[in-house]
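Hi everyone, thanks for coming.

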Amino acid sequence: MTLDQMLFGVFPYLAVVLVIVVTIWRYFSDRFSYSSLSSQFLESKKLFWGSVPWHYGILVVLGGHLISFLIPRTILAWNGVPWRLYVLEVSALAFGLLALLGLVMLIYRRATNPRIRKVTSIMDIVLLLVLLVQVVAGLWTTIFFRWGSSWYAGFAVPYMWSLIRFSPDVSLVSSLPFMVKLHIFGAFSLVALLPFTRLVHLLSLPLSYLWRPYQVVIWNRRDSRRN
Ligand code: HEM
């Protein structure tokens, strides 16, 4: 078995099995650990300037990945007119850069604030570094291997479908440049890391807030002027 077959034909399945098994195990053994363990009360200003751009940037970028995966022909048709291709690529780049800016701020905050350092685990550091590599590799791909939004339809989409069909076509990935391969491998590494890190909060979105009855919060405190 070649290295490419290991990394792009076997590892994606290991990552998915790991995420399912460890997530279920963690849910039953330590349910309340399904969070990203807020450190807002220790430091909030840098957290705001890191977390907000990071989340807005990465959610739009990942949404773009998903849409391009689901409707590649529509994306190719959109890209058929040059100005539309530029709008798409420049927007993707802008949101990718926004995510990078936020991530660098989050890393800086953890590295420089002694109170935050105290509550930072090895896995927090590993996760932030893998995310950094992943985002830089993505931006590198966008900038140096143009036009990613078009060739994604020809290489990445059939490769992902081949994985879903349980017959991985590694040849679609083998010929890609190193940084693109790193980006794809990085994505599956993040899947594998998910249940071991604070990324697990992705699985605990408070969706029930959408349908639960609203709550009215009122002060239950006597007005001091009346006393
Ligand atoms: C955790 C998963 C992933 C993250 C966080 C991520 C993040 C990013 C970021 C930040 C960018 C640069 C911004 C942009 O131009 O859109 C990017 C670009 C890109 N990514 Fe990903 N990515 C992930 C998974 C993947 C996967 C699985 C593939 C392919 C199989 C992929 C293929 C690409 C391509 C082709 C580009 C260039 C897009 C363009 O030029 O418009 N990414 N990614």
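Let's start at the ligand. Helix 2, helix 4, helix 6, helix 7 and helix 9 (178-193) each supply at least two residues of the shell around the ligand. Helices here are DSSP runs of H or I with at least four residues, strands are runs of E with at least two, and both are numbered from the N terminus.

A word on where this comes from: it is a predicted model, where local features need pLDDT of at least 70, side-chain atom pairs count only at pLDDT 80 or more, and totals for chains, interfaces and linings use all residues. Residues are numbered from 1 along each chain as its sequence is written, and side-chain values use heavy atoms, with hydrogens and water left out.

Back to the ligand. Its surroundings comprise 24 residues, and the closest are His65, Glu89, Gln134, Thr142 and His183; a residue is near when one of its heavy atoms lies within 4 Å of the molecule. By class, that shell holds 14 nonpolar, 9 polar and 1 charged residues. Nonpolar covers Ala, Val, Leu, Ile, Met, Phe, Trp, Tyr, Cys and Pro, charged covers Asp, Glu, Lys and Arg, and the others, Gly among them, are polar.

Which atoms pair up with the ligand? The side chain of Glu89 has an N or O atom 2.9 Å from a ligand oxygen, and the side chain of His183 has one 2.8 Å from a ligand nitrogen. Gly148 takes part through its backbone, where an N or O atom lies 3.4 Å from a ligand oxygen.

Now the helices themselves. The chain has 9 helices and 0 strands, and 35% of its 227 residues count as buried. Buried means under 20% relative accessible area, exposed means over 50%, and partly exposed is in between, with a 1.4 Å probe and protein chains only.

Take helix 4, residues 82-112. How far apart are its end C-alpha atoms? They are 44 Å apart, which agrees with the 45 Å that its 31 residues should span at 1.5 Å a residue; the expected span is 1.5 Å times one less than the number of residues.

Helix 6 has 23 residues and reaches 33 Å from first C-alpha to last. Its buried residues include Asp124, Gln134 and Gly138. Asp124 makes a side-chain polar contact of 3.0 Å with Arg198, which sits in the segment after helix 9. Such a contact is a pair of N or O atoms within 3.5 Å; within protein, one must be able to donate a hydrogen and the other to accept it, and sequence neighbours count only if both are side-chain atoms. Arg198 counts as buried because its relative accessibility is 18%.

Two backbone details to finish. Most residues other than glycine have a negative phi, and most peptide bonds are trans. Here, a cis peptide bond joins Arg146 and Trp147, with omega about -5 degrees. Phe166, in the loop between helix 7 and helix 8 (171-174), has a positive phi near 60 degrees.
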